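I opened a notebook for this model and wrote down what I looked up, entry by entry. The sequence and structure come first.

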Amino acid sequence: MKQTIIVRTALLAALCSVCGGTVEAQNGQGMVGETKIYKVKYFTGLAATPRSTYYIGGKGFANGDRLRFTSKSRLVRPTELTTRLHGTDSVAVTLPDGFVTGDYAMTLVRGNLEQSLGNNRIVMVGKMPRPVGIIAHRGFWDTKGSAQNSLAKALDMNVYGSETDYWITRDGHLVINHNHDIDGKVIETSTYDELKNCRLSNGETLPQLSDLIEVIKQHPNSKTRLVLETKEHSTDERNRAAVDAAVKLIREAGLLDRVSFTSFSLVALKEILRLAPKAKVVYLKGGMSPEKAHSIGIRGLSYNIKELRDNPQWVSEAHALGLTVNAWTINTVADMTEMTNLGVDYISSNNPLVAVEVEKYYAEHQ
């Protein structure tokens, strides 16, 4: 059955606001007078199937325009396709059987005139990859007015997860912060009283994990999980103390089934498994094969994109063992599509709005 790939207006609009999300060709490059194409927009790296319809946005297209795809590989002959107008701001072409994955220079041809539309990567597949779950990295921090561990916006969006970092203070309080210090005060060696009036970038005071738990309770219908990272503390004893306090607090709140525990520290993750054997624990540091992770009870891998590029086989190996795979930190559309096409389960992103639109694209074209 033919599959039509529809470029959603919302997706184009979202991608245009993100550096690296779309490519916008220079207005009029290679054409003259009234024939120039402008506001050219497309996104790179999305998967497509043979005989599917591929869309490119822009102004100035006309009936009879042709689109030439010239591969960077000399082994692939250029393909020139007839376009069809799609509304007032895009054209469509049907990708033929035999069209191969590659990086292409796209050129619009109109009679004797030609205009470069820029370079694009198209990934041809026999079956569309599954959509990934989106984890809002450090909550929804890259939104104006949000702190670096904002949670409520992610809960409202119903994304898969909202990632948050926590530390334990010298006197046993669990506070939310990405860095090991705030306002020049090292969290581990400070008391909560010394930290409680420190201000985040949005003017809020330093939150505690208990504050986030209350936020989750206020969103009982949200499917969003709290992805809770235990930061690597200075000693194994401190790592265990942080985990002990966090698991106790979350268990008392009845939220163990809505939390995934992550850490670069194996000591912390092993302590979580000791306290809550059924907990979802995810290893962040990398350098560990799925087989090794599975042998010590780890239930998910969350690795930097470079590590997954270097070891793409780990995705299928992890799945064969029942482990999930997350890639971080994925902020461009090119990286989002690359990891989706690789088959990861989740991506952590500072741009969850854009990531959600990419996820919808794959969901709608299964």
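Which unit do β18, helix α7 and β19 make? I found that β18, helix α7 (residues 290-295) and β19 make a right-handed β-α-β unit. I call a crossover right-handed if, with the strands pointing away from the viewer, the path from the first strand over the helix to the second runs clockwise. Helices (H or I, at least four residues) and strands (E, at least two) are DSSP runs, numbered from the N terminus.

**Ground rules.** This is a predicted model, so I note that local features need pLDDT of at least 70 and side-chain atom pairs count only at pLDDT 80 or more, while totals for chains, interfaces and linings use all residues. Residues are numbered from 1 along each chain as its sequence is written, and side-chain values use heavy atoms, with hydrogens and water left out.

Entry: I took two strands as paired if DSSP finds at least two bridges between them. β16 and β17 pair in the parallel sense over 5 bridges, and L228 stands opposite F261 in β17. Between these strands the chain passes through α5, and this β-α-β crossover is right-handed. β17 (residues 259-263) and β18 run parallel, joined by 4 bridges. Here F261 stands opposite V281 in β18, and S263 is opposite Y283. Helix α6 (residues 266-275) sits in the path, and β17, α6 and β18 make a right-handed β-α-β unit. β18 also pairs with β19 (residues 300-304), in the parallel sense over 2 bridges; V282 stands opposite G300 there.

Entry: In β17, 5 of its 5 residues are buried. V259, F261 and S263 point one way from β17, and S260 and T262 point the other way. β18 (residues 280-283) has both faces covered: K280 and V282 are buried on one side, V281 and Y283 on the other.

**Entry: the cores.** A nonpolar core here is a set of buried Ala, Val, Leu, Ile, Met, Phe, Trp, Tyr and Cys residues joined through side-chain atoms within 4.5 Å. In general, nonpolar side chains tend to be buried together in soluble globular proteins. The largest core has 64 residues, of which L228, F261 and I347 touch the most other members. Helix α11 (residues 352-364) gives the most to this core, with 6 residues. Another core lies apart from it, with 20 residues, among them V40, Y42, Y54 and V93.

Which residues is F261 in contact with, leaving aside its neighbours within four places in sequence? I listed L228, V247, I250, L256, L269, I272, A279, K280, V281 and V282. Contact means heavy atoms within 4.5 Å.

**Entry: helix α5.** I checked the length of α5 (residues 236-252). The expected span is 1.5 Å times one less than the number of residues; for its 17 residues that should be 24 Å, and the end C-alpha atoms are 24 Å apart, which agrees. The buried residues of α5 are R238, N239, A242, V243, A246, V247 and I250. They cover an arc of only 160° around the axis, which puts them on the same side of α5; the arc is that of the directions from the helix axis to the C-beta atoms. The face turned away from the buried side carries the exposed residues E237, K248 and E252. What covers the buried residues of α5 includes α4 (209-217), β16 (225-230), β17 and α6. G254 follows α5, and its phi is positive, near 70°.

**Entry: a mixed sheet.** I also traced an open sheet of 5 strands, in the order β3-β10-β9-β5-β6, with mixed pairing. β3 (47-48) and β6 (79-82) stand at the edges with a single partner strand each, so one side of each is left without a neighbour in the sheet. β5 (residues 66-71) and β6 run antiparallel, joined by 4 bridges, and F69 has T79 as its bridge partner in β6.

Entry: A cis peptide bond joins W328 and T329, with omega about -20°. T329 is in the loop between β20 (324-328) and α10 (333-342). R51 has a positive phi, near 70°, and is a residue other than glycine. R51 is in the loop between β3 and β4 (53-59) and is partly exposed, with a relative accessible area of 41%.

How values were computed: Buried < 20%, exposed > 50% of the residue type's maximum accessible area, 1.4 Å probe, protein only.
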